[in-house]
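Subject: Structure handover

Hi,

Here is the structure to look over. My notes follow below it.

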Amino acid sequence: PSAETEAAFRQAIELAPFTPVSWYYLANYLSRIPGRRDDAADAARRSLELYPHYQPAKDVQQRLLLRQQ
(Lines give C-alpha, C1' and ligand atoms only; values in the text may rest on other atoms or scores of the structure.)
Protein backbone atom coordinates (compact mmCIF):
# COMPACT_ATOMS: atom_id res chain seq x y z
CA PRO A 1 0.00 0.00 0.00
CA SER A 2 1.14 3.47 -0.80
CA ALA A 3 0.22 6.65 1.07
CA GLU A 4 0.65 8.51 -2.21
CA THR A 5 -1.91 6.29 -3.95
CA GLU A 6 -4.52 6.82 -1.27
CA ALA A 7 -3.80 10.55 -1.27
CA ALA A 8 -4.35 10.68 -5.03
CA PHE A 9 -7.74 8.96 -4.70
CA ARG A 10 -8.73 11.33 -1.91
CA GLN A 11 -7.62 14.32 -3.98
CA ALA A 12 -9.84 13.12 -6.84
CA ILE A 13 -12.73 12.95 -4.37
CA GLU A 14 -12.00 16.48 -3.16
CA LEU A 15 -12.10 17.73 -6.75
CA ALA A 16 -15.30 15.85 -7.61
CA PRO A 17 -17.00 14.68 -4.39
CA PHE A 18 -20.22 13.69 -6.14
CA THR A 19 -18.59 11.29 -8.59
CA PRO A 20 -19.35 7.70 -7.59
CA VAL A 21 -16.43 6.37 -9.63
CA SER A 22 -13.91 8.22 -7.44
CA TRP A 23 -15.44 6.73 -4.30
CA TYR A 24 -15.44 3.30 -5.90
CA TYR A 25 -11.74 3.49 -6.77
CA LEU A 26 -10.93 4.46 -3.19
CA ALA A 27 -13.11 1.61 -1.89
CA ASN A 28 -11.52 -0.90 -4.23
CA TYR A 29 -8.01 0.22 -3.26
CA LEU A 30 -8.71 0.18 0.49
CA SER A 31 -10.45 -3.20 0.28
CA ARG A 32 -7.12 -4.77 -0.62
CA ILE A 33 -5.28 -3.40 2.42
CA PRO A 34 -5.44 -5.43 5.64
CA GLY A 35 -7.11 -3.47 8.41
CA ARG A 36 -8.86 -1.00 6.09
CA ARG A 37 -12.08 -2.95 5.61
CA ASP A 38 -14.27 -0.40 7.41
CA ASP A 39 -12.81 2.48 5.41
CA ALA A 40 -13.36 0.53 2.19
CA ALA A 41 -16.96 -0.23 3.18
CA ASP A 42 -17.59 3.45 3.91
CA ALA A 43 -16.22 4.49 0.52
CA ALA A 44 -18.27 1.83 -1.30
CA ARG A 45 -21.36 2.93 0.60
CA ARG A 46 -20.77 6.55 -0.44
CA SER A 47 -20.37 5.50 -4.06
CA LEU A 48 -23.70 3.69 -3.91
CA GLU A 49 -25.40 6.63 -2.21
CA LEU A 50 -24.45 8.70 -5.24
CA TYR A 51 -25.36 6.03 -7.79
CA PRO A 52 -27.29 3.11 -6.28
CA HIS A 53 -26.97 0.88 -9.36
CA TYR A 54 -23.19 1.19 -9.75
CA GLN A 55 -22.21 -2.46 -10.07
CA PRO A 56 -18.45 -2.10 -9.40
CA ALA A 57 -19.20 -0.58 -5.97
CA LYS A 58 -21.69 -3.37 -5.29
CA ASP A 59 -18.96 -5.86 -6.18
CA VAL A 60 -16.59 -4.30 -3.63
CA GLN A 61 -19.29 -4.49 -0.96
CA GLN A 62 -19.93 -8.13 -1.80
CA ARG A 63 -16.22 -8.96 -1.66
CA LEU A 64 -15.96 -7.28 1.75
CA LEU A 65 -18.96 -9.21 3.06
CA LEU A 66 -17.50 -12.50 1.86
CA ARG A 67 -14.20 -11.80 3.59
CA GLN A 68 -16.01 -10.97 6.82
CA GLN A 69 -17.60 -14.43 7.02
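**Aromatic rings**

The ring count comes to five aromatic pairs, where rings of Phe, Tyr and Trp (its six-membered ring) pair if their centres lie within 6.5 Å. Planes under 30 degrees apart count as stacked, over 60 as edge-to-face and the rest as tilted. A word on the source: this is a predicted model, in which local features need pLDDT of at least 70, side-chain atom pairs count only at pLDDT 80 or more, and totals for chains, interfaces and linings use all residues. Residues are numbered from 1 along each chain as its sequence is written, and side-chain values use heavy atoms, with hydrogens and water left out.

How are the rings of Tyr24 and Tyr54 placed? Their centres are 5.8 Å apart and their planes stand at 85°, so the pair is edge-to-face. Tyr24 lies in helix 2 (residues 20–30), while Tyr54 sits in the loop between helix 3 and helix 4, so the pair ties together parts that are 30 residues apart in sequence. Helices here are DSSP runs (H or I, at least four residues), numbered from the N terminus.

Tyr54 also pairs with Tyr51. Those ring centres are 5.9 Å apart with planes at 40°, so the pair is tilted.

Tyr24 is buried, at a relative accessible area of 15%. Tyr54 is buried too, with a relative accessible area of 15%. Tyr51 is partly exposed, at 40%. The cut-offs: buried means under 20% relative accessible area, exposed over 50%, partly exposed in between (1.4 Å probe, protein chains only).

Ring pairs join Phe9, Tyr24, Tyr25, Tyr29, Tyr51 and Tyr54 into a cluster.

**Helix 1 and helix 2**

Two packed helices are described by the angle between their axes and the distance between the axes. Helix 1 and helix 2 pack at about 160°, and their axes are 9 Å apart. Axes are lines fitted to C-alpha atoms, for helices over the stretch in contact, and angles run from 0 to 180 degrees between N-to-C directions. Helix 1 and helix 2 are therefore roughly antiparallel (angles over 145 degrees). Their crossing is left-handed, meaning that the near helix is turned anticlockwise from the far one by less than a right angle.

Helix 1 brings Thr5, Glu6, Phe9, Arg10, Ala12 and Ile13 to the contact. Helix 2 brings Ser22, Trp23, Tyr25, Leu26, Tyr29 and Leu30. Contact means heavy atoms within 4.5 Å. By class, there are eight nonpolar, two polar and two charged residues. Ala, Val, Leu, Ile, Met, Phe, Trp, Tyr, Cys and Pro count as nonpolar, Asp, Glu, Lys and Arg as charged, and the others, Gly among them, as polar.

Glu6 lies in helix 1 (residues 3–15). Is Glu6 buried or exposed? Glu6 is buried, with a relative accessible area of 15%. Leaving aside neighbours within four places in sequence, Glu6 is in contact with Leu26, Tyr29, Leu30 and Arg36.

**Helix 2 under cover**

Helix 2 is mostly covered, with nine of its 11 residues buried. They are Pro20, Ser22, Trp23, Tyr24, Leu26, Ala27, Asn28, Tyr29 and Leu30. The buried residues of helix 2 pack against helix 1, helix 3 and helix 4.

Asn28 belongs to helix 2. The relative accessible area of Asn28 is 15%, so Asn28 is buried. Asn28 touches Val60 and Arg63, not counting residues up to four places away in sequence.

**Helix 3 and helix 4**

The axes of helix 3 (residues 37–50) and helix 4 (residues 55–68) come within 9 Å and cross at roughly 150°. Helix 3 and helix 4 are therefore roughly antiparallel to each other. Their crossing is left-handed.

Which residues make the contact? From helix 3 come Arg37, Ala40, Ala41, Ala44, Arg45, Ser47 and Leu48. From helix 4 come Ala57, Lys58, Val60, Gln61, Leu64, Leu65 and Gln68. They divide into eight nonpolar, three polar and three charged.

Gln61 is placed in helix 4. At 28% relative accessibility, Gln61 counts as partly exposed. Gln61 touches Ala44, Arg45 and Leu48, not counting residues up to four places away in sequence. The C-alpha atoms of Gln61 and Pro34 are separated by 15 Å, at 27 residues apart along the chain.

Best wishes

Note on methods. Helix = DSSP H or I, 4+ residues; strand = E, 2+ residues; numbered from the N terminus. Parallel < 35°, antiparallel > 145°, perpendicular 65-115°, else oblique.
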